[in-house]
Amino acid sequence: MRSFLFAVAYWFLSVTYSLMALVLTLFPGRKPVKWIIQRYTRRMVQAMRIFAGIRLEVRGREHIPAQPVIFACKHHSWGDGFCIYSQFDDLAFVTGDHLEKFPLMSTLLSKLGAIVVNNCGGIEARKNLASRSADAAKDGRSILIYPEGHLNAPGTYRRYRSGVWHMMNNFNMSVVPVATNLGLFWEEDHYKKTPGTAILEFLEPIPPGMGKDEFLATLRDRIEARSQALISEATGQPLAASVLVSD
């Protein structure tokens, strides 16, 4: 019943706020659309708690610098974006071009200043990531990216991609790793939801200047180790290493 009630709330909120956001794209500037999307994500986190029984606990705020940073996050669930976006007033985010298949979504993403890249990767995707990220950095916005590029079930991970390393050095921005165990309660794109306390934890920033291989290994190890610790904390099971899966 909880999963059904949340599904109703999810689609009601998504359709309602998307329509409002599309109307606001007619106004000049980003602020009107940013304002409505911010409220959408906060209402979604509230709906998670009320209907699905998933309470969000945020840790590690002391690790977030005052200046703009790149948030590199573990990606367990469709709910990840709602959880982290709801914590900030303005945030540029990297997303795949699959979202543009939805009617009018391209217009909305453009107005939000989202960084849309080709899911297939390649040279053009890297160029697009660089140019759109430059716009966000110029505006003084922090950037949200999922370095694995895929949703992953709890306890698994994919190869961490180098785009976040290029962004860090191109814009001289620190990278804040973000761990989570949300996938225990809202796994990937699954319908079923499980009540509990999901944790979103900001970890110690990684300053720019590190070599690519060292940086990607450091980022992966911090995110995976802490996410696994959060999973162990929530389940009471022994701490286990995250398992690499192929793309």
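This passage describes the overall fold of a protein chain and the setting of one of its strands, β3. The structure is a predicted model, in which local features need pLDDT of at least 70, side-chain atom pairs count only at pLDDT 80 or more, and totals for chains, interfaces and linings use all residues. Residues are numbered from 1 along each chain as its sequence is written, and side-chain values use heavy atoms, without hydrogens and water.

The protein chain contains seven helices and nine strands (DSSP runs numbered from the N terminus, with at least four residues of H or I for helices and at least two of E for strands). For 247 residues, a compact globule would have a radius of gyration near 18 Å, and the value of 17 Å for the protein chain agrees with this (taken over C-alpha atoms; the rule is 2.2 Å times the number of residues to the power 0.38). The C-alpha atoms fill a box of roughly 45 × 45 × 35 Å along the principal axes. Of the 247 residues, 49% are buried (under 20% relative accessible area, 1.4 Å probe, protein chains only).

Strand β3 spans residues 92–96, and five of its five residues are buried, so the strand is largely enclosed by the rest of the structure. In a regular strand the side chains alternate between the two faces of the sheet. In β3, Ala92, Val94 and Gly96 lie on one side and Phe93 and Thr95 on the other, and both faces are covered.

Strand β3 pairs in the parallel sense with β5 (residues 143–145) over two bridges (pairing requires at least two DSSP bridges between two strands), and Phe93 stands opposite Leu144 in β5. Three bridges join β3 to the parallel strand β4 (residues 115–117), where Val116 stands opposite Thr95.

Technical notes:
Buried < 20%, exposed > 50% of the residue type's maximum accessible area, 1.4 Å probe, protein only.
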